[in-house]
Amino acid sequence: MDTSPAATNTPAATSAPTSANSAVAKTATAIVNIASLVTNDPSLGDGTPLGLIQDAAVVIEGDRVVWIGETSKAPATDNRVDAAGRAVIPGFVDSHSHLVFAGDRTAEFNARMSGQAYAAGGIRTTVAATRAATDAELSANVVRYLREALRQGTTTFETKSGYGLTVEDEARALRIAAEHTDEVTYLGAHIVSPDYADDPAAYVALVTGEMLDACAPYARWIDVFCEKGAFDGDQARAILTAGKARGLHPRIHANQLSYGPGVQLAVELDAASADHCTHLTDADVDALASGNTVATLLPGAEFSTRAEWPDARRLLDAGVTVALSTDCNPGSSFTSSVPFCIALAVRDMRMTPDEALWSATAGGAAALRRTDIGRLVPGARADLAVLDAPSHVHLAYRPGVPLVAEVWRKGVRTV
């Protein structure tokens, strides 16, 4: 698979042409006879947020989309691929994952499914395994889960450190992650390191000092787990503020296990996303609706911990931008399947199939503050998935069925 870094800060794509008169190279590739094309541009097609075009075509040149419209109007190209009446959607944008780790937590999961409550402290098990692993072992794990995700339609992903909790181990985790994506997040503040259990203030000083110095060159983002058993509001503010001073933009694990200050802090600091958002007050929802912070919902975590589901309907009705992501990690959400998360969001979080798909594509792009991914319009990166179904609704309608038939990333068919 192609795991080279993706371009960021690409200007917003322009509206698609409605005819074949635009100059398109004969060597371009046209995917034709698409039953239903999701563009995520409401100015196109049926005028919904998904911008659905029926009996559609997509033309790809290099790593970009250069034309979309009805198959009957598609420009002539030397290369044509027949979608044979299948649906095409933008590649999924998984904006929250924890892929640099070793080991698993099967015993913890088994105990939890037998009645034991989930708590943040289980992370320490993965910390011990990750510290003991070699660089090669950690890198091989990242590649394994990326390939797994790619087969299920994920073409962009973010991933974090957070299972090393020493200067050396956090820096090597980010270095390994940066070999596969440029959406890399420094999460030295996942929990207080076991080495500093008796002096949390000293660990915060390490995270905002020497550890930050070592990690900043590899990361685009900084994150903190603001939760009981991890970091309180004052500690989280200090960590995120220090990261901003080093050029890292904030993200935050917020309000997962209980009510707390995380969401309000995210909006205050213009964090790109507040992730989890399970326990929200009316003031939290109002803050998200009035700010630029995306609420990233992670239904795999609720599924795997038997916790209360986030109320996506409440957020959407308030005008909050919502993203869906896997939270792939060995402790609380060991899934790399965005389609599975879409099905959960529709079934248990009161999202419509259209809303869930938008949130897993354009919503994820918004959570990464990207304009070049998450939609299929001229100028966007040619990342797409072909479904073995006539409509994207089948992702929720047929849960657990491997519907992704082809994946194109940067204009190249990779699955």
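Tutor: We can look at helix packing, then at cavities and pockets. Keep in mind that this is a predicted model.

Student: OK, start with α12 and α13. At what angle do they pack, and how far apart are their axes?

Tutor: Helix α12 covers residues 338–348 and helix α13 covers residues 353–360. They pack at an angle of about 140°, and their axes are 9 Å apart.

Student: What does that make α12 relative to α13?

Tutor: Oblique, because angles over 145 degrees would be needed to count as roughly antiparallel. With its angle of about 140°, α12 is oblique to α13.

Student: And is the crossing left-handed or right-handed?

Tutor: The crossing of α12 and α13 is right-handed.

Student: Which residues make the contact?

Tutor: On the α12 side they are Val-338, Ile-342, Ala-345 and Val-346. On the α13 side they are Pro-353, Ala-356, Leu-357 and Ala-360. By class, this contact has eight nonpolar residues, with no polar and no charged ones.

Student: Now α3 and α4. Where do those two sit in the chain, and how do they cross?

Tutor: Helix α3 is residues 135–151 and helix α4 is residues 167–178. Their axes come within 10 Å and cross at roughly 45°. That makes α3 oblique to α4, and α3 passes α4 in a right-handed crossing.

Student: Which residues meet there?

Tutor: From α3, Asp-135, Leu-138, Ser-139 and Val-142 meet Arg-172, Arg-175 and Ile-176 from α4. This contact divides into three nonpolar, one polar and three charged residues.

Student: Change of topic. How many cavities of 30 Å³ or more are there?

Tutor: The structure holds four of that size. The largest cavity has a volume of about 100 Å³.

Student: What lines that one?

Tutor: The largest cavity is lined by 14 residues. Tyr-118, Ile-123, His-190, Asn-329 and Ser-332 lie nearest its centre. By class, the lining of this cavity has four nonpolar, eight polar and two charged residues.

Student: And the pockets? What volume does the largest pocket have?

Tutor: The largest pocket has a volume of about 200 Å³. Its lining is 13 residues, of which Gln-152, Ser-337, Pro-339, Val-401 and Pro-402 lie nearest the centre. That lining divides into eight nonpolar, three polar and two charged residues.

Student: Which element gives the most to the lining of the second largest pocket?

Tutor: That is α13, with four residues. The second largest pocket has a volume of about 160 Å³.

Student: Which residues line that pocket?

Tutor: The lining is made by Thr-48, Pro-49, Leu-50, Leu-316, Val-320, Thr-321, Val-322, Asp-354, Glu-355, Trp-358 and Ser-359. By class, six of the residues lining the second largest pocket are nonpolar, three are polar and two are charged.

Key:
Residues are numbered from 1 along each chain as its sequence is written. This is a predicted model: local features need pLDDT of at least 70, side-chain atom pairs count only at pLDDT 80 or more; totals for chains, interfaces and linings use all residues. Side-chain values use heavy atoms; hydrogens and water are left out. Axes are lines fitted to C-alpha atoms, for helices over the stretch in contact, and angles run from 0 to 180 degrees between N-to-C directions. Angles under 35 degrees count as roughly parallel, over 145 as roughly antiparallel, 65 to 115 as roughly perpendicular and the rest as oblique. A crossing is left-handed if the near helix is turned anticlockwise from the far one by less than a right angle, and right-handed if clockwise. Contact means heavy atoms within 4.5 Å. Ala, Val, Leu, Ile, Met, Phe, Trp, Tyr, Cys and Pro count as nonpolar, Asp, Glu, Lys and Arg as charged, and the others, Gly among them, as polar. On a 1 Å grid over the protein atoms alone, a cavity is a set of points where a 1.4 Å probe fits but cannot get out, and a pocket is an open set with protein on both sides within 12 Å along at least five of seven lines; lining residues have an atom within 4 Å of a point. Grid points are joined across faces, edges and corners, and a volume is the space filled by probe spheres set on the points.
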